[in-house]
Amino acid sequence: MAKARVALVRCDSYDPGAVGAAVERAFRLLGGVECLLPRESTCLVKPNLLSPSRPELAITTHPEVVKAVVIEVKKVARKVAVGDSPGRGDTLGAAEASGVAQACRDAGVEVVPFDEGSDFRLLEGRLCKEFFLARPVLEADAVVSVAKMKTHGFMGYTGAVKNLFGCIPGTRKAKYHLRYQGREEFGIMLTDLLLAVRPAVSVLDAVIAMDGDGPSHGRPRPFGAILASRDPVALDSVALRLAGVDPAGIPYLKAAAERGAGAMYERDVEVVGDEPGSFVIKDFRMPTGNRHRSLLRLGGILKSSITAKPVVDTEKCTGCAVCQRSCPPQVISVVRKKAVIDDSRCIRCYCCHEMCPSGAIRLRMGMAARALDRFIDCLARK
Ligand code: SF4
Ligand code: SF4
């Protein structure tokens, strides 16, 4: 079987010329945009517009990367649009705040909202056989995923594959969190979604990635790379290995590899372009919500002492109720202008942490996870 090819290109800044050259080279390493996308087609470029956030916060795909991809796609497509469904706010607001709207104006393409959509049946779906997808996704001949490399409290990591969750309009995403509450089952659902959307090509903005408590409150982390591939699973796996993270620990990558929906193992992937050894990062921090989750295999009884729980910092909380609106099981109330979480009904999806605009929700590790951390620290000091 042919190996999945991943283009890895050095890009140390968001200087427009440097980003344009890196994206163009990445596409060329994959055979050129003419081979990647159907000629005269309608293409949807799907960045990560998680929330209305400034580009320097590294929450959203950088506008220069979106623009460079659009310029490439326009070489072959008849019509190009850019869109996403943010977790907070609306598409146009998030696009303006992140600089993506201006990038699209500069490139002469439209930002399209993801408010409307319809059901898409997926017979091969393992857990989910029907997705409600945004209309621009359904109408496009080809989807180009332009993701941001970030950590993710619930899934551990978000990149090219997880970016596709934004193809589901607005608050409808909550339904999937409610239906697939465990990490493994949510991962299988994301693999189903990957098969439903099937991006023609995926690009990863890892010029400045995010580590720590991503996807919204982590640390912008210079990584210096732009990656591209036809196979988003291979793409994410390569990026994670460079960060020193085992991709098999990310549920949706493991699920995708197990069912042949993408290549995760090193033996199945060919990296072309710049030397991987020059990108390796040794101190990439994984999120609190993901620490020691593998111990959950030992049994449900340990769940509350292992999984991190969301805790409201009342000093920072402004009572805006964004978390209340984004909590899938509706277990948050706002009392006297402060958020209050009913922990007994919390499903640990961390949507509240992700969406709080004030950084007022932190994730506190469970007792067993904290003890294990101290033990590991102790061993490391000896
Ligand atoms: S915790 Fe955050 S999102 Fe929730 S009410 Fe307070 S400031 Fe708003
Ligand atoms: S309180 Fe936060 S972590 Fe718990 S279910 Fe609601 S959104 Fe998810």
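This is a predicted model: local features need pLDDT of at least 70, side-chain atom pairs count only at pLDDT 80 or more; totals for chains, interfaces and linings use all residues.
Residues are numbered from 1 along each chain as its sequence is written, and chains are lettered from A and ligands numbered from 1 in the order in which they are written. Local features need pLDDT of at least 70 and side-chain atom pairs count only at pLDDT 80 or more, while totals for chains, interfaces and linings use all residues; side-chain values use heavy atoms, with hydrogens and water left out.

**Stop 1: ligand 1**

Select ligand 1 and the 13 residues that surround it, the closest being C317, C320, A321, C323 and C356 (near means a heavy atom within 4 Å). This shell holds ten nonpolar, three polar and no charged residues (Ala, Val, Leu, Ile, Met, Phe, Trp, Tyr, Cys and Pro count as nonpolar, Asp, Glu, Lys and Arg as charged, and the others, Gly among them, as polar).

Now hide the ligand. Ligand 1 sits in the largest cavity (a molecule sits in a cavity or pocket if more than half of its atoms lie within 2 Å of its grid points). A cavity, on a 1 Å grid over the protein atoms alone, is a set of points where a 1.4 Å probe fits but cannot get out, and lining residues have an atom within 4 Å of a point. The largest cavity contains about 100 Å³ of space (grid points are joined across faces, edges and corners, and a volume is the space filled by probe spheres set on the points). Its lining has 16 residues, with C317, C320, C323, C356 and A360 nearest the centre. By class, twelve of the lining residues are nonpolar, three polar and one charged.

**Stop 2: ligand 2**

Go on to ligand 2, which takes up the second largest cavity. The model has two cavities of 30 Å³ or more. About 80 Å³ of space lies in the second largest cavity, and C327, V331, C346, C349 and C352 are the closest to its centre among 14 lining residues. That lining divides into 13 nonpolar, no polar and one charged.

Around ligand 2 itself there are 14 residues, of which C327, C346, C349, Y350 and C352 come nearest. The shell has 13 nonpolar residues, no polar ones and one charged.

**Stop 3: the largest pocket**

Select P86, G87, R88, K173 and M355, the closest to the centre of the largest pocket among its 31 lining residues. A pocket is an open set of grid points with protein on both sides within 12 Å along at least five of seven lines. The volume here is about 620 Å³. β7 (142-152), α7, α12 (322-326) and α13 (351-355) each give two or more residues to the lining (helices, H or I with at least four residues, and strands, E with at least two, are DSSP runs numbered from the N terminus). The lining comprises ten nonpolar, 13 polar and eight charged residues.

**Stop 4: the aromatic cluster**

Select F131, F154, F165, Y176 and F186, which form one aromatic cluster. There are five aromatic pairs in the model (ring centres of Phe, Tyr and Trp, the last by its six-membered ring, within 6.5 Å; planes under 30 degrees apart are stacked, over 60 edge-to-face and the rest tilted).

Centre the view on F165. The F165 and Y176 ring centres are 6.4 Å apart with planes at 90 degrees, so this pair is edge-to-face. F165 lies in the loop between β8 (156-158) and α7 (173-179), and Y176 in helix α7, eleven residues apart. F165 is buried at 6% relative accessible area, and Y176 is buried at 1% (buried is under 20%, exposed over 50%, partly exposed in between, with a 1.4 Å probe and protein chains only).

F186 belongs to helix α8 (residues 183-197) and F165 to the loop between β8 and α7, so the pair ties together parts 21 residues apart in sequence. Both F165 and F186 are buried.
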